[in-house]
Amino acid sequence: MKTYLGEFEELVLLAIACLGDEAYGVSIQQELQIQCDRNISIGALHSTITRLEEKKFLSSWTGGATAERGGRSKRYYALTQSGRKALVETKNLRDQLWAQAKIKLSPR
Amino acid sequence: MNPQPPKLAQKLFDWFCGNAHVDDLRGDMEELFFINLKNKSRSYANKQYWKHMLQLIFSYAVKKRKRNAQHHHYSSSQISIAMVQNYIKVAFRSLYQHRYFTILNIAGLAIGMSISLLLISMYGYVRSADNFHTNPDRIYTVVTKRTEGIEERELASSPILLQEKLKTEIASIAQAVPIVNTFYGEIANSKDQLNMKGYYTNDTFLKTFNFPLIDGSAEALQKPYSIILTEKCANKIFGNTHVVGKTVEVKELGIFSITGVLKDYPKNTHFSFEALVSLSTLGNSYMADQQHWYEYNAQYNYFLAAENFKEEDIQSFFKKIEKELYANKNVKVEYELMPLREIITSEEGNAIGPKWELSGFIVFGIIALLILLPACFNYTNISLARALKRAKEIGIRKTMGGQKNQIFLQFITETVVVCLFALTGAWLILLFIRGEFQSMLVHASTLDLSVSGFTVFLFICLALLTGFVAGFFPALYFSRLNPVEAIKSKVSNRFWSGMRVRKYLTVFQFSLSFCFILSLVVFGRQYHEILHFDFGFQKENIVVVDLQNTKPELNKTLFSQVSGVESVSLSSGSPISASSHVWLENDVKDSIAATQLFIDNTFLQTFKIDLVVGNNFDSQGSNNRNKILVNETFLAKNKIRLQNIFSESYKIDGEDYQVIGVVKDFHFLPPPHPIQNFVFRYDETKFAYVNLLVNNSDNVFNLFTNLENAWKQTSQETKLKAKFFQDDLNESYLVYRYLLKMAGALGVFALSISVLGLLGMVVYTTQNRIKEISIRKTLGASIFNITLLLSKEYLRLLLFAIVVGIPLALFIYDSIFTRIPDYQSDLRISDLFLGALGLLIIGLCTITSQTYKTALLNPAETLKSE
């Protein structure tokens with residue numbers, strides 16, 4: 001296995017992908033909270049984002065000042081090419097394992 | 001006004017993050033705050049803000065951003081080879097530039113490490129002990145704890161009667177080896193009276209341990225009176241190793257046929273033997289003697305376990321045996337297993353060969369550390385003192401993007417380079433002291449201190465570790481310097497709060513040196529006192545000749561004719577080593593125990609022991625039967641009046657004895673021991689030595705040739721064995737001399753380290769004050785004034801060190817020296833005084849050598865350069 005994505009890392013990457021141009025700290029947190037129905041600490045989220053950035057799966061840039069948050073800027077995130085590749089690889093692996101399952105997994 | 005997030009939390013976050021870029025994080029928190037404010041209460045929003053703030057503070061995100069903010073973002077925190085090369089290059093340049101300090105540091109560390117190297121070589125030896133056997137991890141010995149009444153002893157031995165039971169009851173034992181180590185005797189018909197010692201054992205010994213035979217069969221130890229010699233022993237007796245088939249006679253033990261020759265075994269083993277003798281020699285009655293369950297001091301059990309061996313099996317077997325045998329006896333024995341590799345460091349009393357107790361290693365280790373640590377302190381001291389000189393370099397490095405850990409690494413590299421140089425020095429010192437050290441030890445001949453790959457590895461580890469310990473604080477200090485202050489030469493010494501810590505270190509070092517010097521003084525005085533101790537008899541110019549079973553009276557006459565001999569006497573031993581005891585029974589009073597010596601009528605004259613009252617022995621031997629001489633202590637201890645002594649009669653071994661005289665007291669035991677009851681008796685059959693009082697001539701060689709010629713008339717086969725009594729006496733004080741030597745060496749080491757440290761400090765401070773001194777001189781200060789000014793501070797330190805050192809020395813003295821056996825001495829005020837004086841003189845010389853030199857400088861020279 002070339003790349004390893006933790007479960008939470010994968011979720012964060014997917015959430016950023018879902019948000020498109022509007023992915024920054026709070027929006028990612030809200031998105032995850034809505035989609036997964038679980039509480040996510042802002043500290044843990046930013047730690048994960050930082051690590052993903054270190055792994056070069058994410059790129060970031062600072063946006064302009066905004067009125068609603070005391071004039072402070074936002075840092076936007078987007079998937080890089082290798083981030084996309086990592087997601088695809090993870091998905092492929094899952095699909096492969098699903099296909100090979102000997103017992104019936106989905107209740108269909 | 002709109003509500004704002006809690007101020008304190010904001011401030012705390014800003015303070016914690018410093019100059020890191022966290023604007024977006026604060027924005028996120030604020031956004032969440034406003035979302036919460038919209039949906040929930042104010043206090044909930046506040047609480048959440050705090051929570052988020054704390055979560056972020058402890059998150060990796062902030063940690064990373066803080067780290068990034070420390071340096072320019074082009075600076076790299078990675079360590080590249082090129083940089084390490086640069087560190088080494090800079091280290092060499094800076095060491096070369098400050099040669100003087102470098103040499104001081106290297107010398108100090110070399111001395112400091114040399115003792116540790118010695119310890120490491122010893123450790124290497126002990127660790128390699130018995131590793132050459134085929135299955136060292138599966139060989140065990142049985143040790144015992146023997147309790148008789150309140151007396152409890154731990155023995156390395158166990159009854160060999162265990163063997164049979166072990167073999168039958170425990171299947172997982174491959175070989176069981178019995179050893180009895182009492183084989184010792186003189187080889188008959190040998191010219192030089194060779195001795196031989198070894199073990200009684202059987203063939204399993206050779207099968208279990210890896211001691212290969214170079215000649216002979218593996219069944220060499222089956223028949224009674226079979227013997228296997230080591231190569232060395234065969235060479236000693238026969239001069240060659242082709243001896244299988246020959247016989248060797250051992251006095252009082254019998255004739256043994258040689259059935260094998262053993263290759264000389266390596267030194268790293270806990271066994272020590274010259275010969276292996278078949279156990280069957282001891283006979284069936286010995287082997288089956290049930291008394292051996294309780295008395296087994298010389299019996300040892302080893303066994304080789306099979307692979308499926310479990311320790312629990314044998315422990316339950318031991319429990320069973322203990323119950324079976326010792327249930328109703330007053331002797332209790334508890335058996336325990338001990339693996340082969342641990343035997344050499346075990347503390348058990350009656351080891352089968354050489355042993356190096358762990359406790360000894362610990363003491364040695366502490367001493368080594370006490371020598372090494374001050375050397376490290378020196379380095380730390382000098383490096384920190386010179387911080388100012390390096391500050392600019394560090395400032396520039398930091399400005400160029402050098403990171404904290406890189407600067408740290410640079411200085412550690414420098415220290416490690418110094419330590420590696422010092423290691424070479426320490427190695428040279430080790431070569432020098434190793435032989436001396438070995439000569440002082442009891443088991444020296446079995447100790448192998450040569451260097452192996454493993455010890456070299458440990459040596460290098462030691463150097464690296466020393467480098468790290470010595471360089472840690474300087475490196476930490478330098479890496480924390482603020483570049484702006486450093487470049488402006490405004491380095492504050494907050495970290496080390498002026499000179500205080502360095503002063504503490506100096507005081508500590510000198511207190512330690514003071515203790516070493518003090519012990520040197522005490523040992524020296526002790527040794528001197530013993531050498532010049534008045535024993536109460538003549539000890540100079542006495543030659544003692546071993547009779548070696550020749551006729552005493554004949555020798556006496558022959559030796560008395562030799563020129564230069566003033567008086568000749570016969571005795572059973574020397575007055576100092578009389579160890580035979582006798583009970584004098586009295587019908588009325590209690591029996592009296594006394595030390596006895598058999599002498600003839602001229603003995604008192606030869607040794608110049610005075611008679612207080614009564615008569616000496618008669619020249620006619622037959623008149624001396626049942627007569628004794630006693631010493632004054634004999635009277636005093638038993639409360640006998642001088643005038644009554646001749647009416648007392650004593651029984652020795654059932655025979656009546658009459659006191660015919662009282663001699664003046666003399667010491668027959670070394671000084672710390674008090675004088676005890678002493679009895680002189682007369683018995684021609686007991687004489688073993690001739691004592692000659694010779695005149696004080698310089699020509700000792702002539703005297704001995706004459707003595708040899710006289711000896712030839714009595715015995716053709718044997719050689720003359722003659723010795724000066726005083727040499728013999730001094731030899732018995734070897735332990736004192738070794739203590740003196742050891743303390744001396746350690747004292748010199750510790751002191752030279754302290755002196756080097758002091759020298760470094762003094763040189764540094766005087767160099768820094770050269771301009772001040774020059775101005776003082778131009779304004780009229782005298783050389784003496786300036787020397788005093790510069791030395792004052794260090795003198796104070798020295799005095800302080802002595803004040804601290806005295807209680808320390810007393811404490812050490814109480815806890816260590818009083819525990820050395822055969823060593824009793826008091827610590828005198830004069831010793832303290834002498835020690836302090838020695839330290840002061842040496843310290844003063846060190847200080848003034850530098851301060852005086854500085855004071856002599858011409859102010860014109862030093863002032864004009866600005």
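1. Axes here are lines fitted to C-alpha atoms, for helices over the stretch in contact, and angles run from 0 to 180 degrees between N-to-C directions. In this predicted model, local features need pLDDT of at least 70 and side-chain atom pairs count only at pLDDT 80 or more, whereas totals for chains, interfaces and linings use all residues. Residues are numbered from 1 along each chain as its sequence is written, with chains lettered from A and ligands numbered from 1 in the order in which they are written.

2. The axes of α2(A) and α3(A) come within 11 Å and cross at roughly 110°, which makes α2(A) roughly perpendicular to α3(A) (65 to 115 degrees counts as roughly perpendicular). Helices are DSSP runs of H or I with at least four residues, and strands are runs of E with at least two, numbered from the N terminus.

3. On the α2(A) side the contact is made by G25(A), I28(A) and Q29(A), and on the α3(A) side by I42(A), L45(A) and H46(A), where two residues are in contact if their C-beta atoms, placed from the backbone, lie within 7 Å.

4. Between the chains, 18 residues of chain A are in contact with 18 residues of chain B. On the side of chain A that touches chain B, α2 (25-36), α3 (42-54) and β2 (73-79) each supply at least two residues, and α3(A) gives the most, with 7 residues.

5. Chain B has 27 helices and 22 strands. Among its contacts between residues at least 6 apart in sequence, 82% join residues at least 24 apart.

Notes. Angles under 35 degrees count as roughly parallel, over 145 as roughly antiparallel, 65 to 115 as roughly perpendicular and the rest as oblique.
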